[in-house]
Amino acid sequence: MVAEAWAEIQALGDGAHYCKVDLHVHTPASHDYADKRAAHGDLIKKARAVDLDMIAVTDHHTAQGVDPMRDAAKGTGVLVLPGVEVSASGIHILAIFAEDTPAAKIDDYLLPRLGVKPDERGRPETTASMELSVPKVLQEIMEAGGIAVAAHTDSDKGLTSTFRGQARIDLVRDLRLGVVEITKAETTKYLDGTDPNYKRELTCIQSSVRSGRASARPHPLPASAGCG
Ligand SMILES: [Zn+2]
């Protein structure tokens, strides 16, 4: 009996499996991407060079970079998740989808519902950006089947650095917000469930850009990234 149970346990492998990911990657589909001539294959090579297992393509208001990155990643072992970065009420929110989600789910479903016009695709801000409320974006992302991430939350155009008081508490406690991208390690202190206002433990991912530069400079691929 014990031997059988032990064999079963051993068959489970090493237990926890850690992978290295960057869930906020821009491509030349973002208008503010520095190197317009960058080839998607080179971006995947850079991801492999720093041992990334998975990336999410999150360009500004477009999923145009998703399929080229998927094609470039074929056979490389890098998993590409489709996504997008949306601006609302002065902050940036990522929507990240399951691996097999068509890019059209973002381009033809989510973005029109958020009032993004076809000629605004790829732009960091849109005409709808300032009027769009964060709860509306969280709701639309959820209904589209995505996970909402507060992008560079503690930096420029981040959720917790932009909102104050009860508005910030309400947003951090909004269960439609699944993950927070942080640029400073100390931010985890008030998002670990012990803060008397937030009373919520949120999954934090480390941004691949240096502190304070998340919005000033798009993330070409990746200074460093990691998660458990
Ligand atoms: Zn951003």
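Mentor: Helices (H or I, at least four residues) and strands (E, at least two) are DSSP runs, numbered from the N terminus. By that rule the protein chain has seven helices and seven strands. The model is predicted: local features need pLDDT of at least 70, side-chain atom pairs count only at pLDDT 80 or more, and totals for chains, interfaces and linings use all residues. Residues are numbered from 1 along each chain as its sequence is written.

Trainee: Why are α2 and α3 called oblique to each other?

Mentor: Helix α2 (residues 40-49) and helix α3 (residues 66-73) pack at an angle of about 60°. Angles under 35 degrees count as roughly parallel, over 145 as roughly antiparallel, 65 to 115 as roughly perpendicular and the rest as oblique. The pair is therefore oblique.

Trainee: Which residues make the contact of α2 and α3?

Mentor: H40, G41, L43 and I44 of α2 meet P68, M69, A72 and A73 of α3, where contact requires C-beta atoms, placed from the backbone, within 7 Å. These residues divide into six nonpolar, two polar and no charged.

Trainee: What share of the protein chain counts as buried?

Mentor: A residue is buried if 20 or more other C-beta atoms lie within 10 Å of its own; 43% of the 228 residues qualify.

Trainee: Which residues touch the most other members of the largest nonpolar core?

Mentor: Of its 51 residues, they are I55, I93, A95, I96, V137 and V149. Such a core is a set of buried Ala, Val, Leu, Ile, Met, Phe, Trp, Tyr and Cys residues joined through C-beta atoms within 7 Å.

Technical notes:
Axes are lines fitted to C-alpha atoms, for helices over the stretch in contact, and angles run from 0 to 180 degrees between N-to-C directions. Two residues are in contact if their C-beta atoms, placed from the backbone, lie within 7 Å. Ala, Val, Leu, Ile, Met, Phe, Trp, Tyr, Cys and Pro count as nonpolar, Asp, Glu, Lys and Arg as charged, and the others, Gly among them, as polar. A residue is buried if 20 or more other C-beta atoms lie within 10 Å of its own, exposed if 12 or fewer, and partly exposed in between; C-beta atoms are placed from the backbone.
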